[in-house]
Amino acid sequence: MEQSFSKETIKNAVVECLRNLFRKTVETATDVELYEACIYALRTVFTEKWIKTHDEYKEKDVKMVYYLSMEFLMGRFFGNGVINLQMYDTIREALGELGIDYNLIENTEPDPGLGNGGLGRLAACFLDSLSTMEYPAYGCGIRYRYGIFEQKIENGFQVEKPDGWLESGDFWSIKRTEYEVEVKFGGDVRIEAKEDGEYKFIQENYSSVIAVPYDYPVIGYGNNTVNTLRLWEARPKNMFDLQSFNEGNYAKAVEEANIARTITEVLYPADEHIQGKELRLRQQYFFISATVQRVIARFKTNHTDFKELPDKVAFQLNDTHPSIAVAELMRVLVDENDVPWDNAWDITTNVCAYTNHTIMSEALEKWPVELFSRLLPRIYMIVEEINRRFCISLVQKYGNNPGIVHDMSIISDGQIKMAYLAIVGSHSVNGVAKLHTEILKNQELKNFYDFYPDKFNNKTNGITQRRWLLHANKKLSELITENIGDGWITNLDELNKLIPLADNKEFRDKFIEIKKHNKKELADYILKTNGIDINPDSIYDIQVKRLHEYKRQLLNVFHIINLYFMLKDNPDMDIVPRTFIFGAKAAAGYKIAKDIIKLINSVADVVNNDPDIKGKIKVVFMANYCVTLAEKLIPAADISEQISTAGKEASGTGNMKFMLNGALTVGTMDGANVEIYEEVGKDNIFIFGLSAQETARMYADHSYNPWTVYEYDNRIKRIMNSLVDGTFAPEYPDIFRDIYNSIIGRDEYFVLEDFASYVDIQEKVSQAYKDKDNWAKMAVINTAKSGKFSSDRTIREYASEIWNIKPLHIEI
């Protein structure tokens, strides 16, 4: 059912906005002006819901979850909003009658530069599910001016450019200056004795910035709930030093403003230097302090007893970046509201919950004590006290065991371990896939699991089907709805009803026709953007995700190189045509990851232009991977590459998006691949490689020697040698030397060890694809068994098992 707003209402709102804001008509307005007018029209639909939602929350004094995350990879707001308001047909027809192309409006909107990879996209899916399932919630993060970066590819190299997503304006947010708060850095802490024998801690001689909140709507599907994504922007206390300006010191006049703005300029600034580390810490404390201060101020409008805080507030720490919330909440309770330490600690640990998203050591943040104590002196004192009390509890349990105290201490070896602070300061610690949680419990965080067994639990990640099927793949959505109804939009388990249709040839044929249509559209897009002509009848083999060595884009490239050499040796070899498509950003300071991007592009240049290959394989690197690009790639995929080193990927959510759209997984038994395997069965997935147990053993006993594999397998020897003999970079034959050395010297992620198994499974893929009818059946089964991987299911588990919050139905 679509909303009861008429086309005339929408048309009038668009026309009035153009007239009142721009003094223009539909015919004279620019694309951006038309886009803004359409947002204005949409606001006439959802603003009343947004107001009513928060009025109801306040009136009923509901418990609210605050999802704290450094990134929210939201994707475009407009199309998702139209879908969730159930107004797609109405809006499209209304705009059409005005002579406005609906697709032009969607495509005018830039992707908000608020996230980078799976962590941020998960947060966005969770917000969608929270609103759709009517749970009271805020997302809380930073309003980055330039995002992480816009990726350009120049001569095959990644080049980072500012992502100017705000350049044309920010039409979705509402600036809430009435909720500004001050965030303090540096200075000294003065200690005063109070009459009751306690101490008062006062931060002095500090510098500070003002945190300004911007609120964005998060519209639930088919209901009246509109939750809020609150993003904080930094501004100086004093915008402009007029005295310095009048004295001719123009730089000093804006110095404070420039320093403040750096905090919210860029997501994940390079931190190879101390300035970058300090900026990252400033960012984390900035948005956490602002959020905590605002939450406590809101709580105090209706409550005087802080013991009630856990009944009204839940903080979910999305990975280690927000871990400082534990100490900041303690500061606000103890220092600003005179709550005794023991009471404050009990409150804090019942409010905070921590999600661990990785076992990679570099992501388990550690801060140098010198930096942390200088930048956040009072917070450091609080962390010291938390650690002191925690170490006492360790001694009480384990006796005089310096080793275990050292290993579990929040502060040790001159570093503060933020994951440990999150674990100690939270009542729940969850992993994000069954395998990941077991690895945390039995390996990476075993000491903490032994100490806090009741805290640890699993919440397998999920994705929102409204973004990743209903919006991204409209033709498949229509086919599914025609056959089983539209219940799947809010209950993805309904897709199980497709299982009998996997044996229905008419349905399979329609399913594959839609896939062909999507593949043709992607081929046209790639020709337009990359100038590469790909074969829509080839296997579309897609790997899109953040570039990291453990995700093993390199293994994929090695397979391509091997295929290339096989075709060079035998140009008439009969193979199933295949198009390999990559999309990935590498962190600006991650050299070897950027080298791998260059290698992909160099291999593409050679393969795509070699007449001996006869177009049987093509390689495409899609620059600036983002949500909008993913919505083009995922519906067209035949193969989903999920080939991380077993035991390294926490969950993955790209695997779920591809599966939902009928792509078959080639993967290791890692992360959520394990659970996908359990859902679809061994005949509908392509599994290869070492297990997590095998990689753990090989790491532990140092039994793996990549040189042995190199010497044994002539294919590997030829591939490795091609990296340094100029095959793919004749002008600079040493350009891939660092990749060569990292693999031959250590091969930390078992690329060579898993190569033979990977080649074998890819041959099975090719053979399976030849049986088009059975392939269609496998694709349908993958879509049909996707129900478990809805973020609605994940959020329901968080709500009932961690947050203890209940849905609130909003009536209008």
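Which helices and strands each supply at least two residues of the lining of the largest cavity?

Modeller: This is a predicted model, in which local features need pLDDT of at least 70 and side-chain atom pairs count only at pLDDT 80 or more, whereas totals for chains, interfaces and linings use all residues. Residues are numbered from 1 along each chain as its sequence is written, and side-chain values use heavy atoms, with hydrogens and water left out.

The elements in question are α3 (77-84), α6 (118-132) and β9 (207-219); helices (H or I, at least four residues) and strands (E, at least two) are DSSP runs numbered from the N terminus. A cavity is a set of points, on a 1 Å grid over the protein atoms alone, where a 1.4 Å probe fits but cannot get out, and lining residues have an atom within 4 Å of a point. The structure holds 3 cavities of 30 Å³ or more, a volume being the space filled by probe spheres set on grid points joined across faces, edges and corners.

The largest cavity contains about 200 Å³ of space. Its lining comprises 17 residues, with M74, F77, N80, P217 and I219 nearest the centre. By class, this lining has 8 nonpolar, 5 polar and 4 charged residues; Ala, Val, Leu, Ile, Met, Phe, Trp, Tyr, Cys and Pro count as nonpolar, Asp, Glu, Lys and Arg as charged, and the others, Gly among them, as polar.

The second largest cavity holds about 70 Å³. Residues lining the second largest cavity include K545, K551, E649 and D670, and its lining divides into 1 nonpolar, 6 polar and 4 charged residues.

How values were computed:
1 Å grid on protein atoms, 1.4 Å probe; cavity = no way out; pocket = protein on both sides within 12 Å on 5 of 7 lines; lining within 4 Å.
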